[in-house]
Amino acid sequence: MLGDQLNLDNPALNGFDPEQDCILMVEAPAEATLVWNHKARIALFLAAMRHHAEVLRSRGWPLRYLATGEHTHASLYAAWQTEIELLQPERVCICEPGEWRLMQQVQQLKTWCAERSCRVVIEDDSHFLISSTEFQAWAGTKRQLLMEHFYRHMRRRLNVLMDGSEPWGGQWNFDQENRGAFGRNGPADIPAQSQFAPDAITRAVLTLVEERYADHPGSLQNFNWAVTREQALAALADFIRERLPEFGKYQDAMWTDQPFLYHSLLSPALNLKLLNPREVIAAAEAAWRSGAAPLAAVEGFVRQILGWREFIRGVYWRDMPHLAAANHFDHQQPLPKWFWTGATQMACQRAVVRQTLEHGYAHHIQRLMITGNFALLSGLSPQAVSEWYLSVYVDAVEWVELPNVAGMVLYANGGRFTSKPYVASGAYVKRMSNYCRDCCYRPEVRTGAEACPLTVFYWDFLRRHQETLAANPRTVLMVKNLQRMAPDEIEAVATYAESLRKNLDQL
């Protein structure tokens, strides 16, 4: 049972017989250090795994749990081999891993076990609403995959927010209603998040992580993530009741010192499988039907779970392993040092990076249009950026992180499933947040000491790719705006952008 498969209906348990079967769970140090993991990410996985182990034990199910420091196996694969040699099973059952790398190890184990007259059974992951095989059938031979088409397919298939064959409200999405900003005075009366006081198991994990991974980034001071099924259900109920009604309107908005706003914070529990997407969608739909939340908010949330989450997983398995190496723009800039500290003069980047280090969390627009926007515009290496996202966010597992970053954020796959690069100048940040209010840079300035780096890089990005962008109906207006600038101003922007790229650490 892998660390992100903590559901009692885990298909690896199909036909489980406690009289003759045994469950194996392993805390492998190599998994904690594969990237330079945020302390909260390591702690979340270990605490959730250990709590799940207690649930299994409470049922009287035989369990071999190899905890950190209690075994010498660096990797999962080494632990699997040793345990199989020790137990001599007739059969090994595992739910398909969510990561390409681990699937290769499972296939390798399957060959190794066959040589020892042991059969390895890999079960489809029934947690998801569509299997990888079914997704491939839907995708067919399409060169470009569009989430909107997939989303409508899934809405019809599962009869979610549908009135017969048509969507409730007469439209498939309410994006225009879900792009609100807070205005000059900012958000008011944001509901408090659920609080999960660490119990003895979690406290032991937090101590272990602080001691064993002391040099890793991030803080554990504000660790407040659901680590049990009961806590995850409480977090779901709290979101539906307290924040879903305003979620849609303000899902793209940002505000200093307000890291959570109306967001659900349910992705870690979903990705650990403490929550099932079916129950999350059902709870949101029930809130609309009862009048507790408006349709626009519910549809916007359901779109993230039923549409984007399932779509991204399908794309991951369809496009691996070459997705990991994708670099459409041939961007090679190394990650600026301040991505690990937040020590930058750019107020927007400083706010999001520091929030990320403090909580292991940033919402989707902060990831896409703040740190991600900067990464794309300044030409950072997609591989370095993807590794950073995998390292610092508690909800990061590769099947969801890599396609989002390489495809959505960085356009590194050349628009495999996005119709345009998601780029914006500092004007967008000013409109959607208060980050620019006390910043030393000015979003409307394109060159010189006061020029916002996002603005500088944005116009230079348009200059460098104007031929391609002009051929795209969704970006042609950007190029027309560029072409209104005088040639000498465009050249000045290009020169200044190049000077900034040489000094990213000092921004």
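In this predicted model, Glu401 is in contact with Ser386, Tyr389, Leu390 and Ala396, leaving aside neighbours within four places in sequence. Glu401 lies in helix α16, which spans residues 398-409. The relative accessible area of Glu401 is 7%. Because the cut-off for burial is under 20%, Glu401 counts as buried. Tyr389 is 12 residues from Glu401 in sequence, and their C-alpha atoms are 7.0 Å apart in space.

Helix α6 covers residues 147-158, 12 residues in total. From first C-alpha to last, α6 reaches 16 Å, close to the 16 Å expected at 1.5 Å a residue. Met147, Glu148, Phe150, Tyr151, Met154 and Arg155 are the buried residues of α6. Seen down the helix axis, these buried residues fall within an arc of 160°, so they line one face of α6. An α-helix has 3.6 residues a turn, so residues three or four places apart point the same way. Asn159 follows α6 and has a positive phi, near 55°.

A further helix pair is formed by α18 (residues 453-464) and α20 (residues 476-483). Their axes are 10 Å apart and the packing angle is about 100°. That angle makes α18 roughly perpendicular to α20. On the α18 side, the contact involves Tyr458, Trp459, Leu462 and Arg463. These residues meet Met478, Asn481 and Leu482 in α20. By class, the contact has five nonpolar residues, one polar and one charged.

Definitions and conventions: Residues numbered from 1 in each chain as written. Predicted model: local features only at pLDDT ≥ 70, side-chain atom pairs only at ≥ 80, totals over all residues. Heavy atoms only, no water. Helix = DSSP H or I, 4+ residues; strand = E, 2+ residues; numbered from the N terminus. Expected span 1.5 Å × (residues − 1). Buried < 20%, exposed > 50% of the residue type's maximum accessible area, 1.4 Å probe, protein only. Arc of directions from axis to C-beta. Axes fitted to C-alpha atoms, helices over the stretch in contact; angles between N-to-C directions. Parallel < 35°, antiparallel > 145°, perpendicular 65-115°, else oblique. Contact = heavy atoms within 4.5 Å. Nonpolar A, V, L, I, M, F, W, Y, C, P; charged D, E, K, R; others polar.
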